[in-house]
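Biologist: I'm new to this one and would like to walk through it with you. Could you put it up on the screen?

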Amino acid sequence: MNIYDVIIVGTGAGGGTLAAKLASSGKKILLLERGPWLPREPDNWDTGAVFVDGRYISPDIWYDHKGKAFQPQVHYYVGGATKLYGAALYRLREKDFGEIQHHGGLSPAWPISYADMEPYYTAAEQMYQVHGSRGEDPTEPPTSGPYPFPAVAHEPRIQQLSDDLAAAGLHPFHAPCGVRLNEANRPYSICVKCGHCDGFPCPLHAKSDAEVFGVRPALTQPNVEMLTNAEAVRLETDATGRSVTTVVVEHEGQEERYQGHIIVVSCGAANTAKLLLSSATDKHPNGLANGSDQVGRNYMFHDSQAVLALSREPNPTVFQKTLGVNDFYFSGPDFDYPLGNIQMIGKSEAEMYRGEKPLETKLAPSFSLRDIASHAVDFWLSTEDLPMPDNRVTLAPDGRVRLAYSPSNKTAADRLYHQLKSMLKHLGMHEDHLTHRFAYMKTDIPIAGVAHQAGTCRFGNDPETSVLDADCKAHELDNLYVVDTSFFPSIGAVNPALTAMANALRVGDHLLERLGASAATATAA
């Protein structure tokens, strides 16, 4: 049996980034990916295939707290959830790393500071070729350098929206976008700035995802291997229970076993918790690394709302996801508590409405839906979801994920929605025509939308109240690490992908030192 220096379970924002970081160390590395390579095909850009037929939603069944089955909107592919994400690569705000009082409760402090993470945010922005503009967002945290690429330009209707927001006294900014775009030299640009980015796979590999910038570069090194269609189902330890020795995998209908000196789990917050809970032993009767009873608890996924405003004039925008507003991130008018982030999402299309709201649109004529889409301006509102112990992942009797969840900060989310609605008449919109969209959900089951899931293996300094230490190593095991968004003790109100990427680079430096390969040596190699 081959014994690897490092086994990384999962190839998304955390695992894929870590693979690229460690690849040039010369150490023997195995990547285990539950899914296949996402096929590059015409359906990648087909709205009906993606939003109506759910072409890329992976077949999986989870249960809610009542035991009712639902299909989560998960994507098991090389690159994980980043294959269909909107590539909005935000840093958490500096204050997000400290304790913040919300209307709905407390957002706890992290065991590291923003200053600890800042160099890795910068490195992640470089790695994932983030486009943006410093100095526009008043909540922007301190940075050690500019974005590596200029901001993606607004199209005329979004530029008008930005101007109207500024005229209203707000501070709109160019959203940080991870796309392989060269607007100064479009004939040589990989990204064509199409309307099928947010929520779609990209057949051009023009999206800055973990397959393109993590896994593929890692696999160019002879010491890195990857096994696809390989679901990790259990971790086994030595007799002391202090070290993981083996990853048990279901691969093409067979059970296979892989041994490693360091095991890194990056399956997504729910499935990472599932794997640890499924790995209970006599030494770890409540699940691996779960002496604190915190594995699976504090599940968060943002209180998000995809909303559609109808513009008085047509909105011919193609690439819409270029603008954000954080003026209400830490407080709102007559409200001393944080509200959250407002940003654009991908431009809606008539066919999407049939996929998102099949019953409501069943009898609607196609021309009416096309008319709505032609005037739609689409917003994504994100309010911080607070960690609550009873919002948790446990195992159902059949071993699948059972997810109990109740909203934690609803008053703030409602106020953010009404704040946007109150501004519409100043933004060239019909103020009474603001409707909810469920852009990433096939059904109305709120917990099915798991794109921003986090928090089930929080890190901290106290083994009694956390699963991982500040290096994201399990308190109770000598060689088990977690680098997906499971480690978040709080989630802030911006997209979590860049923080997962930056943290993977941070943990990567720690692992290189542990492996006896300095970061400088690995980078030079």
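Biologist: Which residues make the nonpolar surface patch of about 210 Å²?

Modeller: That patch is made by Ile190, Val192 and Leu204, and please keep in mind while we talk that this is a predicted model.

Biologist: Where is Leu204 placed?

Modeller: Leu204 lies in the loop between strand E10 (177-178) and helix H5 (210-219). Its C-alpha atom is separated by 8.1 Å from that of Arg40, although the two residues are 164 residues apart along the chain.

Biologist: And why does Leu204 count as partly exposed?

Modeller: Leu204 has a relative accessible area of 33%, and a residue is called partly exposed when its value falls between the 20% limit for buried and the 50% limit for exposed, so Leu204 belongs in that middle class.

Biologist: Okay, stepping back: how many helices and strands does the protein chain have?

Modeller: The protein chain has 12 helices and 22 strands, and its C-alpha trace spans about 70 × 50 × 45 Å along the principal axes. Of its 525 residues, 60% are buried.

Biologist: What does the radius of gyration say about the chain?

Modeller: A compact globule with 525 residues would have a radius of gyration near 24 Å, and the protein chain has 22 Å, which agrees with that expectation.

Biologist: Let's go to strand E18: how many of its residues are buried?

Modeller: In strand E18 (residues 376-383), 8 of its 8 residues are buried. In a regular strand the side chains alternate between the two faces of the sheet. Here Ala376, Asp378, Trp380 and Ser382 are on one side, Val377, Phe379, Leu381 and Thr383 are on the other, and both faces are covered.

Biologist: Which strand is joined to E18 by 8 bridges?

Modeller: That is strand E15 (residues 303-311), which runs antiparallel to E18, and there Ala306 has Trp380 as its bridge partner. Strand E17 (residues 341-344) is also antiparallel to E18, joined to it by 4 bridges, and in that pairing Gln343 stands opposite Trp380.

Biologist: New topic, the sheet with E19 in it: what is the strand order there?

Modeller: The order is E4-E3-E20-E19, an open sheet of 4 strands with mixed pairing. Strand E4 (69-70) and strand E19 (392-395) are its edge strands, each pairing on one side only.

Biologist: How do E19 and E20 run, parallel or antiparallel?

Modeller: E19 and strand E20 (residues 401-404) run antiparallel and are joined by 4 bridges. Among the partners, Leu395 is bridged to Val401 and Arg392 to Ala404. The two strands form a hairpin with 5 residues between them, where Gly399 takes a positive phi near 90°.

Biologist: What about E12 and E13, how many residues are between them?

Modeller: There are 6 residues between E12 and E13 in their hairpin, and Gly241 in the turn has a positive phi of about 80°. Strand E12 (residues 230-237) and strand E13 (residues 244-251) pair in the antiparallel sense over 7 bridges, with Leu235 standing opposite Val247.

Biologist: Last one, helix H11: how many of its residues are buried?

Modeller: In H11, 15 of the 19 residues are buried, so the helix is largely enclosed by the rest of the structure. At 1.5 Å a residue, helix H11 (residues 497-515) should span 27 Å, and its end C-alpha atoms are 26 Å apart, which agrees. Just after H11, Gly516 takes a positive phi of about 80°.

Terms used: Residues are numbered from 1 along each chain as its sequence is written. Side-chain values use heavy atoms; hydrogens and water are left out. Two strands pair if DSSP finds at least two bridges between them. The expected span of a helix is 1.5 Å times one less than its number of residues. Buried means under 20% relative accessible area, exposed over 50%, partly exposed in between (1.4 Å probe, protein chains only). Patches are made of residues with over 30% relative accessible area and no salt bridge: like charges are joined within 9 Å, nonpolar side chains (Val, Leu, Ile, Met, Phe, Trp, Tyr) within 5 Å. Accessible areas come from the Shrake-Rupley method with a 1.4 Å probe; for residues, only the protein chains shown count as cover. A salt bridge is a side-chain nitrogen of Lys or Arg within 4 Å of a carboxyl oxygen of Asp or Glu. The radius of gyration is taken over C-alpha atoms; the globule rule is 2.2 Å times the number of residues to the power 0.38.
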